[in-house]
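Subject: Structure handover: ring pairs and salt bridges

Hello,

Here is the structure for your files. My notes come after it.

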Amino acid sequence: MRNRIHCGVFVLVVLLWWQPSGLAAVSAAKGPTVPAPAATPVLTAAMAEYRRQLKEYIAAHRKYESAANAYWSLIANKRRLRNAKRHGNKEILIEDYVLTQPPVYAGPPKPVDPSAPAVSAPPKAHVPVVADFLQSAAKHFNFVPERPQSEIDYKRAYAQVAAAAGLTREQAVRIYGFESGGNGKYDVQAGLEHPVPGAHAISTALGYNQLLATNSIELMAEKGEQFLRFLRGRAAELAGGEREALERKIAVLKAMVDFSRSVPDDWSRHDRLANTPKGLGVHAMNLDVDVGPLLQAQKLRDSVVFAKARGYGASLTAAELEMMNLTGDGNGIDMVLLRPSWRDRVPTANFFQPSGYQRNPVAIRNNVVARLLAATAARMDEQAKLQGAQDLAGLFGP
C-alpha cells in the first residue's frame, strides 16, 4: 500500500510540475488568435455581382420549373385520359395528346460563388460489368454460365428461340443491329460497344437486346416456369454427363427464379432486387448459351403479345417494336396506335416520363413521332448491313 501511495504522489507532483509548460506548448502551437482578413475590394465586388446573377438565375429557373411541372402534369393527365378511353372503347382524338414541345430552360446559367473553395468533381459511381455479374453468380449461386464456343453458336441459339417465339427475321435482326451496333457480341454492354480508351459501362444493359439487370429479374419472375419447362424438355432428350450438367443448370435457374419472385411483381421492387449482389448474379444468365437467348428473345415476344392484346393486329415493324422496347410496352403501344396522319404533329414527349425524356437525346432531337420512327429505321438500315447482323439474318433460314 505504501509503495502505491508514494507512486501516486510522485505522479501527481510530476503532472503539476509539467502542467504550465505543457499549456504553454499547446498555446504556442495554436498561436495567437488572428482575425480573418477583411474581404478585398475585388472579392467584395465579385460577391455583389454573384448575388445579382444568382437572383436572376433563381427567378428564371423558378419560372422554367413552373412551366415544366405544368407541362409534364398535362402529359400525365392526357395519358391517363387516353388509357381510360381505350379501356372504354372510346375514340382517341388528336386533342388527347399534348401538341406542344416541352419547355426548354433558356435563362442565365447558375453562377459560381467566387468565395467558395474549389471542389473536385465526385468520382463516378461504379456501374457493374460482366466481371461483376460472373463474380456474383459464382458467389451467390455457385454457378458459371456456359459460354458459347463461338459467337455464331450464340447467334444460332438466339435465332432458333426468336423464330420459335414468333419474331420475324426483320424484327430480330434490325433490333439486334440497333441495340448492339450491328456487330455486337453476346456479352456486349452499353457503353462498351467499341474498345476505345476511356470507354466505360453506362448501364447494366447487356446482350443482343440490351437487357438491364432489372429486365432479367422481371423476366425470371414472370416467365421463369416457362424457361424451366424448356430446359427440362431438353434434358429429357439427353443422357449421361450432358443430362447431369443441364440438370445442375436447371437447379440454379430454379433458385434464380425463386429469388426473383421473393418480392412483389413490381418494376421498382425488381429494380432494387436487381442491383443487389445476388441480383447481379441472376443477370449473368444472359451469358449462358442455353438461357441467355431465352431471356433476350422473351423481352421482344412480350411486346408483340402486348400489342396484339391491345388490338394491334398488324405485324410490328422493327422500329415500332423498338419503340415498345425503348419506352415500355404501355407507352410504346400508345405510339404505335397513333394514326399515321398524326405522327408528324404529336411530340415524342407524350410517350416518356420526364427523366427518361431528358436522358434521351434522340427523342429530343427527333421530337415528333414520325421523325423518331424514321430516325430509328434509318439507324437500323445502316446497322443491318454489318457482318454481325448479316450472320444473324442467315441463321433464320430462307
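Below are notes on aromatic pairs and salt bridges.

This is a predicted model: local features need pLDDT of at least 70, side-chain atom pairs count only at pLDDT 80 or more, and totals for chains, interfaces and linings use all residues. Numbering starts from 1 along each chain as its sequence is written, and side-chain values use heavy atoms, with hydrogens and water left out.

Aromatic pairs first. The structure holds twelve (rings of Phe, Tyr and Trp, the latter by its six-membered ring, with centres within 6.5 Å; planes under 30 degrees apart are stacked, over 60 edge-to-face, the rest tilted). Tyr154 and Tyr186 are stacked, at 5.0 Å centre to centre and 20 degrees between the planes. Both are buried (under 20% relative accessible area; exposed is over 50%, partly exposed in between; 1.4 Å probe, protein chains only). The rings of Tyr154 and Tyr208 have centres 5.3 Å apart and planes at 80 degrees, so that pair is edge-to-face. Tyr208 is buried as well. Ring pairs join Tyr154, Tyr158, Tyr176, Tyr186 and Tyr208 in a cluster.

Now salt bridges. The whole structure has 21 (a side-chain nitrogen of Lys or Arg within 4 Å of a carboxyl oxygen of Asp or Glu). Asp334 and Arg86 meet at 3.0 Å, N to O. Asp334 is buried at 2% relative accessible area, while Arg86 is partly exposed at 24%. Glu146 bridges to Lys249, with the closest N and O atoms 2.7 Å apart. Here Glu146 is partly exposed at 41% and Lys249 buried at 5%. Salt bridges link Glu146, Arg234, Lys249, Asp288 and Asp290 in a network.

Best wishes
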